[in-house]
Amino acid sequence: QVQLVESGGGLIHPGGSLRLSCVASGSIFSINAMGWYRQAPGKQRELVALITSAGSTNYADSVKDRFTISRDNAKNTVYLQMNSLKPEDTAVYFCNAGVKQYRGHPERPYWGQGTQVTVSS
């Protein structure tokens with residue numbers, strides 16, 4: 001089994017910063033891409049940022065120049081530094097990882113349970 005656990009969400013004023021963390025644990029042989037998604041009430045889940053095992057990154061246009069994704073492969077952890085937060089960033093943020101549990105096994109996507117981020121004055 002593989003578990004992804006997010007932390008770092010909360011209530012923040014507009015213009016503030018938060019750092020989300022997501023740790024993957026369990027039977028893990030390797031992790032490919034890791035990413036952050038978010039889902040606001042009444043909206044579909046959307047990709048926020050993605051980082052490959054080699055460190056290449058991709059961002060949604062709405063968060064470019066404000067959010068930074070990074071990872072620590074030794075700790076199976078991915079981070080999302082969120083600066084200049086706006087009310088429209090309010091959502092549940094989910095961590096995702098492509099994991100191979102054993103050598104030769106196919107990669108499968110795993111999700112965390114989500115962490116709430118609320119940006120409000």
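Leaving aside its neighbours within four places in sequence, which residues is Ile 31 in contact with? Select Ile 31 and look around it: the partners are Ala 24, Ser 53, Arg 71, Asn 76, Ala 97, Gly 98 and Val 99, where contact means heavy atoms within 4.5 Å.

Before going on, note that this is a predicted model, in which local features need pLDDT of at least 70 and side-chain atom pairs count only at pLDDT 80 or more, while totals for chains, interfaces and linings use all residues. Residues are numbered from 1 along each chain as its sequence is written, and side-chain values use heavy atoms, with hydrogens and water left out.

**Stop 1: Ile 31**

Stay on Ile 31, which belongs to strand 4. Strands here are DSSP runs of E with at least two residues, numbered from the N terminus. Ile 31 is buried, with a relative accessible area of 11%. Buried means under 20% relative accessible area, exposed means over 50%, and partly exposed lies in between, using a 1.4 Å probe and protein chains only.

**Stop 2**

Two strands count as paired if DSSP finds at least two bridges between them. Strands of a sheet pair through backbone hydrogen bonds, either parallel or antiparallel.

- Strand 1 and strand 3 (residues 18–26) run antiparallel and are joined by 6 bridges. Select Val 5 to find its bridge partner in strand 3, Val 23.
- Strand 3 and strand 8 also pair in the antiparallel sense, over 6 bridges. Here Cys 22 stands opposite Val 78 in strand 8.
- Strand 7 and strand 8 (residues 77–82) run antiparallel, with 6 bridges between them. Ser 70 stands opposite Tyr 79 in strand 8.

In a regular strand the side chains alternate between the two faces of the sheet. Colour strand 7 to see its two faces: Phe 67, Ile 69 and Arg 71 make up the covered one, and Thr 68, Ser 70 and Asp 72 the uncovered one.

**Stop 3: positive phi values**

Which residue takes a positive phi in the hairpin of strand 7 and strand 8? Select Asn 76, whose phi is near 50°; this hairpin has 4 residues between the strands.

Move to Asp 65, in the loop between strand 6 (57–59) and strand 7. Asp 65 is not a glycine, yet its phi is positive, near 75°. Asp 65 is exposed, with a relative accessible area of 83%.

Then pick Ser 84, in the loop between strand 8 and strand 9. Ser 84 has a positive phi of about 50° although it is not a glycine. Ser 84 is partly exposed, at a relative accessible area of 42%.

**Stop 4: aromatic rings**

How many aromatic pairs does a search of the whole structure find? The search finds 1. Select Tyr 37 and Trp 111: the pair is edge-to-face, with 4.9 Å centre to centre and 65° between the planes. Rings of Phe, Tyr and Trp (its six-membered ring) pair if their centres lie within 6.5 Å; planes under 30 degrees apart count as stacked, over 60 as edge-to-face and the rest as tilted. The pair links distant parts of the chain, 74 residues apart, with Tyr 37 in strand 4 (residues 30–39) and Trp 111 in strand 10 (residues 108–111). Trp 111 is partly exposed, with a relative accessible area of 38%.

Two arginines also lie over rings. Arg 19 lies over the face of Tyr 79, at 4.0 Å from the ring centre, and Arg 45 over the face of Phe 94, at 3.7 Å from the ring centre. A charge sits over a ring if NZ of Lys or CZ of Arg is within 6 Å of the ring centre and within 35 degrees of the ring normal.
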